[in-house]
Amino acid sequence: MHNGAQMAWVGVSFCFLLIFIVRTSYCFTVFNNETVTVSNNLNFTALFNYTTNFNSTVSAGSTPTASAKQTTTAKPVVPTKKRPKDTADAGFSDEDMGGTDKDLETKDKDKTQELECPPLGLESLRVEDTQLQASSYQRMGLGPHRGRLNIQSGIEDGDLYDGAWCAQYEDLDQWLEVDARRPTLFTGVILQGRNSIWSWDWVHTYKVQLSNDSVYWKPCMNGTEEAVFEGNQDPETPVLGLLPVPTVARYIRINPQTWYENGTICLRAEVLGCPLPDPNNIYMWETVQGSKDDLDFRHHNYKEMRKLMKSVSDECPDITRIYSIGKSYEGLKLYVMEISDNPGKHELGEPEFRYVAGMHGNEALGRELVLNLMQYLCQQYKRGNQRVVRLVKDTRIHLLPSMNPDGHEGAYKKGSELAGWAMGRYTYEWIDLNSNFADLNNIMWDAQEMEQDKSKISNHYIPLPEYYTSEEAMVAPETRAVINWMQDIPFVLSANLHGGELVVTYPFDCTRDWAPREHTPTPDDSFFRWLAAVYASTNQVMANPDRRICHYEDFQRHNNIINGGDWHTVPGSMNDFSYLHTNCFEVTVELSCDKFPHASELPIEWENNKESLLVYMEQVHRGIKGVVRDKDTNAGIANAIIKVEDLDHHIRTADDGDYWRLLNPGEYKVTVVAEGYIPSVRRCHVGSEPRATICDFYLSKMLKQRLREILANGGKIPKDLQLRLRALRLRKLRATTKAINQRRARQRKARALRRSF
Ligand SMILES: [Zn+2]
């Protein structure tokens, strides 16, 4: 569809193109300040906002004395921030949110970020396989298309999916070539060695050549000499090499000069460059990928995250509340944004939903998407977007953007391209939070094996094991905080946002009998598959049938969903714990191939995930729900058990007697059992519309006379021992957590005191 305004714009563009072609067609990889200014005059600032800082980059880099060694130590694309002070846990005080601090920080940030160009997207897959060429390669699995920053190899070497581009020959004429497909202002190269358990290969030094046509190549110079860049000293740490003079070209080659003596020429790379208008293709620069939503698209460190949350809360005070569920090891608060029409309280019958992001601190996209989501919900609620209004009124939404803030701070400081694959994944104590929850699967499975009568073994609300509640247990403060949170709020549905792959996984994550991978479904497999499919089928990247696989596994074969155990076993995962210890159903979403996408990718990533994030939340309104009450007093009965025939997983009522049982459409026979009451049975129908069917229950008290009869016949009144044990162990966990936190706070204070002397 072309309207008049667009045609006029295209007309102007053509005029510009003529100038551009005249100016560039004869010059070879040289693009001076003058030419850049031309584009600026033509007011293409949105596309070329690098122009203002181009001068500073050139003058800094073109200093004749600047050596390649110096360039490799230059700062990454994302600005380095001051380490948050230990006292940063003071909450949302006015002082923290003061104007001067904020202004300073913003200016600081802009300066750093403007210095460099974004990655072309070897890592994010924005650069396609056909854009990558090489002088030679050992075999298909080590082809140029594998030479992407952070690409992961499978466990075995030798298949089609190995962890680098590896040249077939060991000489100085080997190169990996990237076709940017348009004139590009190249500013730097990031290099990494080969990802493999079995082979060690990396490149020590390399040269760079540039070309406009891939026939004539010009070496990248450092003054009068050819620039030699420092590469890697190990396989995993990415190293940045800034070009001494940012240069315009279409093609760039990385040309290894020396490499690890016991290895061969292998590398993974990313290229930094700002796209320029392509004189041969007017459409390329019309399609700037982005989002129409006015959200704060950038990476937020801890302080910036708090500020953003505060600003959302200020903007929408009636539907938001910020609270903290505890602290990280380093004392950073785990902030949650609650969004609901009645923030701060549970409403009878209203389901509670949560998103948890950043459990692996370096998987930064989830954190940003959750921050985007809170802004979006606030804005759209105010605008009267009916879908959002309904969601906010009918649901109590809890958003935890950063479960592992310590890990994120570390990765953030390195920046989106230089953090590597693992930095910031773990907590300060080097704990992987996704295997730090109590392994209740094996407790339940062991009990089932010991007991002949399966009905005697509880299939839900499994208590924590004794060892897990002690002060000495290696249970991270972050995990303790989340377990406590799960206890306080009757969550119904959750998703746990990760990154580094494109797939949605559903429980169980832990396999039976310690198999490394084995399909291990829950009794609710069909609903979990539905949940996973809801997210995966609405995610714009996952749903694209032409997408390239991220690393070495093809999840498209499974429609981008997989049982967690079928991928790789994880004992003590948050999903499994949530399902076996609470009523909450939870899946893991692996949001993108790139764990820490460059800030320039955030708008498009929001668009990729926006619908999925919304539609997934709406699934909390499926199945049946209702209130279990005392027939005589009408009071809600807490901890009543909701049993669905043929489903070996029960759920319980919340404190007020309300419950939610997620189910696919169908007819169900539902039995409700509560201590001291006569069980009640009824049929409940679930339709296909996204609205839970109301199924209330009224239970009659067991008569005293009947109780006496049971006792007289030597019978026992069934006591809910499991429930009591669960409550007892949680109390213990809370007590030890409190003791540990107090001790750590004292230690932090002492450390801070020592530093001040
Ligand atoms: Zn993860």
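The model is predicted: local features need pLDDT of at least 70, side-chain atom pairs count only at pLDDT 80 or more, and totals for chains, interfaces and linings use all residues. Residues are numbered from 1 along each chain as its sequence is written.

Strands are DSSP runs (E, at least two residues), numbered from the N terminus, and two strands pair if DSSP finds at least two bridges between them. The pairings of β12 (residues 333–339) are as follows.

| Partner of β12 | Sense | Bridges |
|---|---|---|
| β11 (residues 320–327) | antiparallel | six |
| β14 (residues 396–400) | antiparallel | three |

Tyr-335 in β12 is the bridge partner of Ser-324. Five residues separate β11 from β12 in a hairpin, and Gly-331 in the turn has a positive phi of about 90 degrees.

A residue is buried if 20 or more other C-beta atoms, placed from the backbone, lie within 10 Å of its own. Strand β12 is largely enclosed by the rest of the structure, because seven of its seven residues are buried. In a regular strand the side chains alternate between the two faces of the sheet. On one side of β12, Lys-333, Tyr-335, Met-337 and Ile-339 are buried, as are Leu-334, Val-336 and Glu-338 on the other.

Contact denotes C-beta atoms, placed from the backbone, within 7 Å. Beyond four places in sequence, Met-374 is in contact with Val-312, Met-337, Ile-339 and Leu-399.

Glu-590 lies in strand β18 (residues 585–590) and is buried, with 25 other C-beta atoms within 10 Å.

Methods. A residue is buried if 20 or more other C-beta atoms lie within 10 Å of its own, exposed if 12 or fewer, and partly exposed in between; C-beta atoms are placed from the backbone. Helices (H or I, at least four residues) and strands (E, at least two) are DSSP runs, numbered from the N terminus. Two residues are in contact if their C-beta atoms, placed from the backbone, lie within 7 Å.
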